[in-house]
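This report walks through a two-chain model.

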Protein chains: 2
Amino acid sequence: MAKISVEEARRFRAGEDFAIGSIDPAATPGVDADGLEDAFSHYDEDIARLQEMLYARGRAGDDDAGAVLLVLQGMDTSGKGGIVRHVVGEVMDVQGVHLASFGRPTEEEARHDFLWRFQPHLPRPGQVAVWDRSHYEDVLVQRVKKMAPPEEIDRRYNAIVEFERSLARSGTRVIKVMPHISREYQAENLRERLCNPEKFWKYNPGDIEDRALWPEYMEAYEIAVRRTSTDEAPWYCIPSDNKRYCRTVVKTLLYDALSSLDLAWPEADFDPEVELRRLENA
Amino acid sequence: MAKISVEEARRFRAGEDFAIGSIDPAATPGVDADGLEDAFSHYDEDIARLQEMLYARGRAGDDDAGAVLLVLQGMDTSGKGGIVRHVVGEVMDVQGVHLASFGRPTEEEARHDFLWRFQPHLPRPGQVAVWDRSHYEDVLVQRVKKMAPPEEIDRRYNAIVEFERSLARSGTRVIKVMPHISREYQAENLRERLCNPEKFWKYNPGDIEDRALWPEYMEAYEIAVRRTSTDEAPWYCIPSDNKRYCRTVVKTLLYDALSSLDLAWPEADFDPEVELRRLENA
């Protein structure tokens with residue numbers, strides 16, 4: 001059965017020397033169109049089982065259960081919502097998932113340190129949190145549109161590294177995904193939204209302004225990835241002109257993260273034999 | 001294709017004269033075992049589409065989009081978690097869903113009025129909120145275990161009716177579901193949890209104490225349903241010894257509620273022709 005192996009998925013890991021131009025958004029390495037259909041579901045059962053185990057440990061009160069934080073940060077129409085829906089929603093038990101999406105900060109949020117508004121959305125032990133956009137907004141759109149001074153942006157990279165390091169230290173696996181699309185593919189997607197009244201709601205005239213700043217955004221992504229891709233919280237830049245391909249890689253990465261937690265079903269804090277007798281007598 | 005029609009599902013609506021003894025937990029009216037497999041998926045596409053429309057309206061900033069609140073309140077092992085997972089999680093786009101589960105109140109929560117802790121979990125316009133246990137804990141377990149004086153319990157029924165009426169008035173469809181199982185079926189389920197180490201985490205020794213109070217619980221449910229089943233927020237008592245049957249009925253009820261919102265895709269607040277030209281020139 002076709003699949004994208006853990007080793008293949010890990011190859012998308014970006015580091016200090018990350019060059020965004022080296023990633024072809026249309027590539028689908030490791031699997032051809034025929035294989036993709038199979039590969040897409042390859043880890044579903046394993047992910048579902050591991051996530052249930054993780055959730056079970058959290059429910060059982062195990063504060064060392066571990067957790068996962070999946071950060072999705074990409075350009076408009078790059079498929080973040082589709083990952084939430086088709087990778088997370090359709091495979092995992094939603095009871096153990098915490099979803100959050102982040103737009104422009106509110107007035108109150110803007111008055112706090114930029115990391116403040118994310119705190120309530122960190123995963124508790126046993127949870128998988130998924131962020132549709134994230135604290136990276138504060139070094140991406142805010143850099144491109146000069147919404148904060150350069151020194152402040154510069155400070156934020158380090159603050160992010162520290163923030164994520166502390167998450168990792170407390171047992172959270174942090175996976176940061178940039179679904180990487182081409183400018184041409186974005187045009188196709190936007191055109192589709194503008195030609196189908198059922199998709200108008202996904203369109204925002206501001207998308208065109210962001211699109212005009214494409215090179216500036218790519219530069220901001222490149223810098224952000226270089227400065228914040230760490231062993232504790234690596235970035236993965238994944239070709240996404242083929243949405244299904246990207247989703248398949250994300251599944252592999254989730255499988256990898258969940259596996260690394262070395263999960264087992266929680267042990268009983270009661271004696272099953274005694275309880276069975278209580279049940280028969282009740 | 002087999003299905004449970006809206007009319008059939010509505011028959012489980014309970015009113016002022018509700019007698020819990022009149023519901024056979026093992027019945028599967030309207031569909032036989034063969035038909036159930038088909039019936040289970042009958043409304044999936046419609047629910048998915050309507051919920052996306054609802055979510056779209058919320059995202060488009062329509063404060064009159066409406067919302068749905070599904071309350072699940074039943075005995076241990078009655079299948080509340082399964083409804084969350086297989087009805088809500090697998091059919092709806094999780095981005096538009098708000099899940100909350102409620103156990104014993106924290107100390108801080110207990111210091112407030114009993115309805116206080118539920119406020120943050122009300123659905124926003126465009127959302128479907130699902131509560132695994134609910135404000136009914138405060139007239140069920142609290143009544144059975146005499147955790148509050150009778151006058152206070154009595155006051156709560158009216159407070160609940162008012163609370164739910166105000167939700168309905170602000171555009172939220174409230175569906176209250178009691179998955180109704182037999183005491184024998186609960187024993188089977190508990191036995192399964194005690195014989196399978198992968199299910200130990202779902203078992204709690206306190207379940208046996210609650211089980212010993214079965215008649216008291218049934219009485220408390222009957223009273224709660226009678227006093228709080230209103231046109232604005234009806235109760236449905238659904239046979240659930242066959243979990244799939246209950247889930248199928250809940251899907252029908254969700255379909256009914258979503259349909260009643262008279263949804264349409266949000267209109268564009270931009271001119272698509274103008275935007276298409278901007279896109280081509282950008």
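A salt bridge here is a side-chain nitrogen of Lys or Arg within 4 Å of a carboxyl oxygen of Asp or Glu. The model is predicted.

## Salt bridges

A search of the whole structure finds 48 salt bridges over all chains. One of them joins Arg133(A) to Asp76(A), with the closest N and O atoms 2.8 Å apart. Arg133(A) sits in the loop between strand E4 (128-132) and helix H6 (141-144) of chain A, while Asp76(A) sits in the loop between strand E2 (67-72) and helix H4 (80-89), so the pair ties together parts that are 57 residues apart in sequence. Asp76(A) is buried, at 14% relative accessible area.

Glu37(B) and Arg244(B) also meet through their side chains, at 2.7 Å from N to O. Glu37(B) belongs to helix H2 (residues 33-41) of chain B and Arg244(B) to helix H11 (residues 243-260) of chain B, so this bridge links parts that are 207 residues apart in sequence. Glu37(B) is exposed, with a relative accessible area of 52%. Arg244(B) counts as partly exposed, at 27%.

What separates Glu162(A) and Arg165(A) in helix H7 (residues 150-169) of chain A? They are three residues apart there, which means about one helical turn. In general, an α-helix has 3.6 residues a turn, so residues three or four places apart point the same way. The salt bridge between Glu162(A) and Arg165(A) has its closest N and O atoms 3.3 Å apart. Glu162(A) is partly exposed, at 45% relative accessible area. Arg165(A) is partly exposed too, at 26%.

The table sets out salt bridges named in this report.

| Residue | Partner | Closest N and O atoms |
|---|---|---|
| Arg133(A) | Asp76(A) | 2.8 Å |
| Glu162(A) | Arg165(A) | 3.3 Å |
| Arg278(B) | Glu209(A) | 2.4 Å |

Some charged residues join into a network. Salt bridges link Asp113(A), Asp138(A), Glu152(A), Arg155(A) and Arg156(A) in this way.

## How the chains meet

In the interface, 43 residues of chain A are in contact with 43 residues of chain B. The size of an interface is often given as the accessible area lost when the parts come together. Chain A and chain B bury about 4000 Å² between them, and 64% of this lies on carbon and sulfur atoms. On the chain A side, Arg85(A), Trp201(A) and Leu279(A) lose the most area to chain B, together 19% of what that side buries.

Eight salt bridges cross the interface of chain A and chain B. Arg278(B) forms a salt bridge with Glu209(A), at 2.4 Å between the closest N and O atoms. The count of residue pairs in polar contact between the two chains is 13. Which elements of chain A give two or more residues to the side that touches chain B? They are helix H3 (44-59), H4, helix H8 (183-195), helix H9 (206-212) and helix H12 (272-281). The residues on that side divide into 25 nonpolar, three polar and 15 charged.

H4(A) is mostly covered, with eight of its 10 residues buried. Among them are Lys80(A), Ile83(A), Arg85(A) and Val88(A). Arg85(A) is also one of the residues of chain A that lose the most area to chain B.

Asp210(A) is found in helix H9 of chain A. Is Asp210(A) buried or exposed? Asp210(A) is buried, at 16% relative accessible area. Leaving aside residues up to four places away in sequence, Asp210(A) touches Met75(A), Asp76(A), Lys145(A) and Tyr217(A). Asp76(A) is the residue that bridges to Arg133(A).

In chain B, Thr228(B) lies in helix H10 (residues 214-228). Thr228(B) counts as buried, at 0% relative accessibility. Its side chain makes a polar contact with the side chain of Trp235(B), at 2.9 Å. Not counting residues up to four places away in sequence, Thr228(B) touches residues including Tyr136(B), Tyr157(B), Glu164(B), Lys176(B) and Trp235(B).

Terms used: Residues are numbered from 1 along each chain as its sequence is written. Chains are lettered from A and ligands numbered from 1 in the order in which they are written. This is a predicted model: local features need pLDDT of at least 70, side-chain atom pairs count only at pLDDT 80 or more; totals for chains, interfaces and linings use all residues. Side-chain values use heavy atoms; hydrogens and water are left out. Helices (H or I, at least four residues) and strands (E, at least two) are DSSP runs, numbered from the N terminus. Buried means under 20% relative accessible area, exposed over 50%, partly exposed in between (1.4 Å probe, protein chains only). Contact means heavy atoms within 4.5 Å. Buried area is the accessible area (1.4 Å probe) that two parts lose on being put together, summed over both. A polar contact is a pair of N or O atoms within 3.5 Å; within protein, one must be able to donate a hydrogen and the other to accept it, and residues adjacent in sequence count only if both atoms are side-chain atoms. Ala, Val, Leu, Ile, Met, Phe, Trp, Tyr, Cys and Pro count as nonpolar, Asp, Glu, Lys and Arg as charged, and the others, Gly among them, as polar.
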